[in-house]
Amino acid sequence: MNRTSLLLILPAILLLIDWYVFQAVKTLSRTATESTQRIITFIFWGFTALSLMLYVAMQLIPPDSISRNTRTFLWAAIAIPYFSKIFAMLIIFIDDIGRFFRWLVSLFYKPEVGEAVVDSAQKTIPDNVNGIPNDAISRSDFLMKTALVVGTVPLVGFTWGILSGAHDYRIRRVKLPLKNLPSGFHGMTIAQISDIHSGSFFNKTAVRGGVDMLLKQKPDMVFFTGDLVNSHAEEVNSYIDVFDKVKAPLGVYSTLGNHDYGKYVQWPSVQAERQNVMNVVAAHKQMGWNIMMDEHKILEQNGDKIALIGVQNLGFGPAALRAGNLAKAYQGTSEYPVKLLLSHDPTHWDAEVRPKYPDIDVTFSGHTHGAQFGVEVGDVRWSPAQYFYRQWAGLYQEGDQRLYVNRGYGYIGYPGRVGILPEITIFELVKA
């Protein structure tokens, strides 16, 4: 489908959605005065006109004429209301199905029966009982009101997810009992952040507040597990002075995620693409982070030693990027009693880490963002991410091996979070 076709077809679909939802609005406003009905109609279709004009303008404006963040917010302004209207459509459709079947019944029964069936959509209780007015609403009115409520909930929720959820950082504390942990590392704390996606940020003060929260925890060491940028290395430039404050006594260790390779944009040459990756790596170093490119470090504490392994992105899902080499990074670590692995994509754990490297004790990942949407209340956990990733958020264990999937510090695409909030994880290593 070419751009011209898309420019015509999508507005037609959006108009159809609005026309369908307007039937509910019209039904519920039928008892209002004529002037009120005109105002409601003007407001409803006024927003439609504004959305369509914004969509057309987004197609015609050169991509480089406005910032990426501005473009993201404009798309969100179009998408979120229509996403909400689709939920309303589902409820209205239920009512339309009911109307259709009542109409079918009326065709095959004598008129008085058909009239009774059709009238079942209206009040099923008399207008008054013993002289007292009855305020019961028809089933159709009930469904129309339900449709508008159902449509309003995601609209409010996703808007709140931008205004509040995007930077509502949460500290999560996790104990990691390791049977071979040397006594010198017992009680050590590690902070993990992941998926910064600096190209999506729109509130530098709030981002800095999250860093302050991390530093107040005073971790012994910090891990960053990839996706510093969305695609372009320069996205992080204005945030280097924020993240270079992330320090720890035993150092900050980082690795690359799939977005750091710039594979989701068109580059003028292969060399330009490679240079972009080099610039991302340089940004890690500029912030004082020890970026690990298929290599390992030996950590020493009170005379004891453990191995820290870091690989470039190794994903094993559909169209996943594989740039790392775990065999290379692992080489020379077999003698150490505990091995910790930084690997951005959690699919790496089942695909290679567990079957081939059973002595890697803990793998630290990110990547999924928990889909930036879901429910986590007590033991109840749900997110669309679970339909794409076997391990999508939190701690997982198979035998003596563990995987932790960080929910991410930033966001991409939708500039917010609903239910699955940005995470700063504080681990405590303890001897099992």
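**View 1. Glutamine 192 stands opposite threonine 425 in strand S16.** The model is predicted: local features need pLDDT of at least 70, side-chain atom pairs count only at pLDDT 80 or more, and totals for chains, interfaces and linings use all residues. Residues are numbered from 1 along each chain as its sequence is written, and side-chain values use heavy atoms, without hydrogens and water. S4 and S16 pair in the antiparallel sense over four bridges. Pairing requires at least two DSSP bridges between the strands. Strands are DSSP runs (E, at least two residues), helices likewise (H or I, at least four), numbered from the N terminus.

**View 2. Strand S4 is mostly covered.** Five of its five residues are buried, meaning under 20% relative accessible area; exposed is over 50%, and partly exposed lies in between (1.4 Å probe, protein chains only). Thr189, Ala191 and Ile193 point one way; Ile190 and Gln192 point the other way. In a regular strand the side chains alternate between the two faces of the sheet. S4 runs parallel to S5, joined by four bridges. Isoleucine 193 has phenylalanine 224 in S5 as its bridge partner.

**View 3. An open sheet holds six strands.** The order is S3-S16-S4-S5-S6-S7, with mixed pairing. Strands S3 (170-178) and S7 (290-291) stand at the edges; each has a single partner strand, so one side of each lacks a neighbour in the sheet. S5 (residues 221-225) and S6 (residues 252-255) pair in the parallel sense over four bridges. Threonine 225 stands opposite threonine 255 in S6.

View 4. Axes are lines fitted to C-alpha atoms, for helices over the stretch in contact (heavy atoms within 4.5 Å).

**View 5. Helix H10 (residues 347-356) has buried residues.** These are Thr347, His348, Trp349, Glu352 and Val353. Their cover includes helix H9 (326-330) and strands S10 (339-342), S11 (362-365), S14 (394-398) and S15 (401-405).

**View 6. A nonpolar surface patch covers about 790 Å².** Phe93, Ile97, Phe100, Phe101, Trp103, Leu107 and Phe108 make the patch. Patch residues have over 30% relative accessible area and no salt bridge, with nonpolar side chains joined within 5 Å and like charges within 9 Å. A salt bridge puts a Lys or Arg side-chain nitrogen within 4 Å of an Asp or Glu carboxyl oxygen. Phenylalanine 108 is found in helix H3 (residues 68-108). Its 68% relative accessibility is why phenylalanine 108 counts as exposed.

How values were computed
Areas by Shrake-Rupley, 256 points an atom, 1.4 Å probe, with all protein chains shown as cover.
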